[in-house]
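Work through the exercises below with the structure open. Each task is followed by a worked solution.

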Amino acid sequence: MKFLVRFLVVGLGLTAATFLRAANEPVGPPNIVFIAIDDLNDWVGCLGGNPDVKTPHMDRLAERGLLFTNAHCQVPVCMGSRVSVFSGKLASTTGCYEFNAEFHQAPTLANDLPIPLLFKRQGYHTLGGGKLLHSGFQGRLAETFDVQLSPGRNPTPKAMMNWPVKVWDFGPFPERDEEMGDHQLAAEAAEFLGQAQSKPFFLAVGFHRPHVPLHVPKPWFDLYDRDALTLPKAPIEDMDDIPESDITRQKAIAPSHAEVLKSGKWRDLVHAYLACISFVDHCVGMVADAAMEGPNAGNTVLVLWSDHGFHLGEKQHWAKRTLWAESTRAPLIFAGRGIPHGARTDAPVGLVDLYPTLCELAGVPVPEGRDGVSLRPLIDDPTADWDRAVVSTWLPNNHSIVDRDWRYIHYADGGEELYDHRNDADEFTNLASDPRFADVKKRLASWLPKQNVPLLKVPGAKAKKGE
Ligand SMILES: [Ca+2]
Ligand SMILES: [Ca+2]
């Protein structure tokens with residue numbers, strides 16, 4: 001009898017909750033709009049990473065939704081990060097650490113489906129274009145998208161404008177936004193979103209800017225006063241307490257900060273990166289407005305993320321491939337159906353969490369074996385307890401662990417760094433050898449991956465020179 005009463009109470013409670021939800025929200029699976037950005041660090045107005053940057057569209061999206069202010073990539077380089085996002089697994093589980101193996105090439109992912117293909121198998125109409133997986137959806141993944149949108153490639157000038165290596169060139173080019181692949185892709189996505197859709201859809205777009213080369217039309221450069229820009233903090237003595245184990249200096253591909261200083265173009269590169277961010281912000285606005293204000297708005301979840309961050313001189317470094325904040329911190333915003341408005345959380349989360357989160361929001365069963373966890377508890381209550389830490393990995397056995405207050409880095413050879421974000425957001429002071437923080441290190445080290453799959457070696461997959 002006791003059981004029966006309990007059953008009835010729980011059952012009635014559920015019915016009431018379901019009824020209340022049904023009265024306020026559409027039923028059935030939500031549409032997903034999935035926006036990836038390439039190499040955008042925390043220089044977004046709402047993230048506060050740069051005092052000059054102008055990103056009105058991303059800021060507005062954050063006001064309409066939930067901003068994760070402590071989100072991190074799992075791999076600080078394009079291909080590795082994207083494999084992790086699209087599989088919901090860590091590099092230490094798959095062996096896809098950098099440009100060594102694409103999703104379809106990895107035997108460790110032979111039984112996995114990238115998120116949009118998983119959704120397609122659940123009845124979603126899938127559309128994708130631009131830079132998503134680094135080398136596209138090849139081999140057994142070729143069926144991922146029902147509709148292939150534009151590749152979104154941006155044009156490059158015939159002759160270099162300002163830098164001797166093509167991939168690192170920058171300057172105002174081409175003349176009009178409409179000539180930019182990113183803009184064309186945004187227009188295509190906005191056109192689809194402007195029409196009422198009868199079948200649930202998963203629309204994925206990947207913008208290429210602000211990835212180098214830093215070319216966008218002149219009006220985006222003109223948004224900024226070059227001579228008044230604030231340059232990143234890059235004191236040379238910051239490197240004095242970095243252990244020799246730091247692998248960044250052993251595997252630099254981008255120009256060194258010394259080279260940039262010697263060229264006299266530090267300020268111009270910062271200016272060009274800001275111009276590219278404002279341009280991509282405009283492309284995000286085209287898609288986000290169509291998704292949030294168009295005929296499918298009431299039943300659409302939008303997620304925006306960047307594959308990793310970007311150094312512009314901090315720690316004497318350029319581009320990515322480090323385990324510091326400039327490389328791992330990434331924008332992450334959710335908006336739309338069931339997402340709170342104007343909310344933010346500093347709970348530490350990873351891009352690897354997108355996979356299970358989107359599954360849960362869409363009622364798609366989460367396939368076993370994901371390393372990420374669903375962010376649904378934080379979507380339901382951004383102040384919810386969240387006793388987790390985030391792992392980022394740069395080449396085998398080098399990991400960074402971030403929680404609400406700290407970053408701990410553990411290199412393969414045992415070298416360590418520890419930063420207290422409560423009073424050192426720039427990660428200037430390495431506290432790893434301070435005995436007062438031994439317990440902090442121990443606690444964070446407990447999050448280090450137990451399994452470290454060796455680097456997969458697949459012929460033909462490697463970084464382009466200079467990238
Ligand atoms: Ca990237
Ligand atoms: Ca330092």
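**Exercise 1.** Find which residues coordinate the calcium ion (ligand 2).

Solution. Donors are N, O and S atoms within 2.8 Å of the metal (3.2 Å for Na, K and Ca); water is not among the atoms, so sites may look incomplete. In this predicted model, the calcium ion (ligand 2) is coordinated at 2.2 to 3.1 Å by Asp238 (O), Asp238 (OD), Asp241 (OD), Asp241 (OD) and Phe428 (O). Along the chain, these donors follow the spacing D-x2-D-x186-F. Asp241, in the loop between α7 (218-221) and α8 (257-263), and Phe428, in the loop between β18 (416-420) and α13 (438-445), are 187 residues apart and link distant parts of the chain.

Helices (H or I, at least four residues) and strands (E, at least two) are DSSP runs, numbered from the N terminus. Residues are numbered from 1 along each chain as its sequence is written. Local features need pLDDT of at least 70, and side-chain atom pairs count only at pLDDT 80 or more.

**Exercise 2.** Determine which residues of helix α2 (residues 56-64) are buried and where they lie.

Solution. Buried means under 20% relative accessible area, exposed over 50%, partly exposed in between (1.4 Å probe, protein chains only). Met58, Leu61, Ala62 and Arg64 are buried. Seen down the axis of α2, they fall within an arc of 160° (taken from the directions from the helix axis to the C-beta atoms), so they line one face of the helix. The face turned away from the buried side carries the exposed residues Pro56 and Glu63.

Conventions:
Chains are lettered from A and ligands numbered from 1 in the order in which they are written. Side-chain values use heavy atoms; hydrogens and water are left out.
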